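Please keep the sequence and the model in view.

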Amino acid sequence: VQLQASGGGLVQPGGSLRLSCAASGPIFSLNMGWYRQAPGNERELVATVNTGGFTNYVDSVKDRFSVSRDNAKNTVDLQMNSLKPEDTAVYYCNTYGMIWYAWGQGTQVTVSS
């Protein structure tokens, strides 16, 4: 399965973006997550949605980000609201709790005025 993230861009603080992850194959049996990596930082898992649709978030994005999946379309989306400068990073999607697929290029999110 190949994973392609899209939807990033430049947004002002307080703004919103919706990221989408398109998989080249079926994802119904995969626990999926959104990760981000800021310059000089480790890659961080910020949001997950398991095969049953249960979601979880790192504290720094709780109540601002929402992850969803569409198994029929093989997509996983990340709705990001109330964006902060510290959300600036390259965002990736991949599995979690299981073997990772190859990392795609990710999508750059920049939050700046």
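How many salt bridges does the structure hold? It holds five, where a salt bridge is a side-chain nitrogen of Lys or Arg within 4 Å of a carboxyl oxygen of Asp or Glu. The model is predicted: local features need pLDDT of at least 70 and side-chain atom pairs count only at pLDDT 80 or more, while totals for chains, interfaces and linings use all residues. Residues are numbered from 1 along each chain as its sequence is written, and side-chain values use heavy atoms, with hydrogens and water left out.

One of these salt bridges pairs Arg64 with Asp87, with the closest N and O atoms 2.7 Å apart. This pair links distant parts of the chain, 23 residues apart: Arg64 lies in the loop between strands S6 (55-57) and S7 (65-70), and Asp87 in the loop between strands S8 (75-80) and S9. Strands are DSSP runs of E, at least two residues long, numbered from the N terminus. Both Arg64 and Asp87 are buried; buried means under 20% relative accessible area, exposed over 50%, and partly exposed in between (1.4 Å probe, protein chains only). Through shared partners, salt bridges join Arg36, Glu44, Arg64 and Asp87 into one network. Within it, Glu44 and Arg36 approach to 3.0 Å between their closest N and O atoms. Arg36 is buried at 7% relative accessible area, whereas Glu44 is partly exposed at 29%.

A further salt bridge joins Lys62 and Asp59 (3.2 Å, N to O). Here Lys62 is partly exposed, at 38%, and Asp59 is exposed, at 64%.

Technical notes:
Helix = DSSP H or I, 4+ residues; strand = E, 2+ residues; numbered from the N terminus.
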